[in-house]
Amino acid sequence: MVVLLQSIQCKWNIALIDLWNDAAFNDITTEQRSRYMADSIHPTREGYLEWWTPYLKRIIITIIS
């Protein structure tokens with residue numbers, strides 16, 4: 001799916017927030033990962049509140065600025 005989204009990004013010249021391949025986003029400890037993720041792709045409530053939402057907010061502000 002990520003590869004397909006990258007193709008769509010190129011074709012339509014749109015922004016893409018790729019958390020899967022984002023090294024800075026994924027640079028968390030094993031302890032944080034176990035707290036923030038229910039499984040390999042689904043965040044927990046805490047993950048959304050403390051990790052995903054603040055990061056996405058910063059990225060979106062950068063995109064629209």
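This is a predicted model: local features need pLDDT of at least 70, side-chain atom pairs count only at pLDDT 80 or more; totals for chains, interfaces and linings use all residues.
Biologist: Let's turn to the rings. How many aromatic pairs are found in the whole structure, and which residues do ring pairs link into a cluster?

Modeller: The search of the whole structure gives six aromatic pairs. Ring pairs make a cluster of Phe 25, Tyr 36, Tyr 48, Trp 51, Trp 52 and Tyr 55.

Biologist: Is the pair of Phe 25 and Trp 52 stacked or edge-to-face?

Modeller: The two ring centres are 5.9 Å apart, with the planes at 75°. Planes over 60 degrees apart count as edge-to-face, so the pair of Phe 25 and Trp 52 is edge-to-face.

Biologist: How many residues apart in sequence are the parts that this pair ties together?

Modeller: Phe 25 belongs to the loop between α1 and α2, while Trp 52 sits in helix α3. Phe 25 is buried at a relative accessible area of 3%, and Trp 52 is buried at 17%. The parts tied together by the pair are apart in sequence by 27 residues.

Biologist: Which backbone nitrogen does the side chain of Asp 22 reach?

Modeller: Asp 22 lies in the loop between α1 and α2. Asp 22 is buried and has no salt bridge, for the nearest side chain of opposite charge, Arg 58, is 8.6 Å away. At 3.0 Å, the side chain of Asp 22 reaches the backbone nitrogen of Phe 25.

Biologist: Which residues do salt bridges that share partners join into one network?

Modeller: The whole structure has two salt bridges. In one, Glu 46 meets Arg 35 at 3.1 Å, N to O, which links helix α3 to helix α2 across eleven residues. In the other, Glu 50 meets Arg 35 at 3.3 Å, N to O, and these two are 15 residues apart. The shared partners join into one network Arg 35, Glu 46 and Glu 50.

Conventions. Residues are numbered from 1 along each chain as its sequence is written. Side-chain values use heavy atoms; hydrogens and water are left out. Rings of Phe, Tyr and Trp (its six-membered ring) pair if their centres lie within 6.5 Å; planes under 30 degrees apart count as stacked, over 60 as edge-to-face and the rest as tilted. Helices (H or I, at least four residues) and strands (E, at least two) are DSSP runs, numbered from the N terminus. Buried means under 20% relative accessible area, exposed over 50%, partly exposed in between (1.4 Å probe, protein chains only). Lys and Arg count as positive and Asp and Glu as negative; His and the chain ends are not counted. A salt bridge is a side-chain nitrogen of Lys or Arg within 4 Å of a carboxyl oxygen of Asp or Glu. A polar contact is a pair of N or O atoms within 3.5 Å; within protein, one must be able to donate a hydrogen and the other to accept it, and residues adjacent in sequence count only if both atoms are side-chain atoms.
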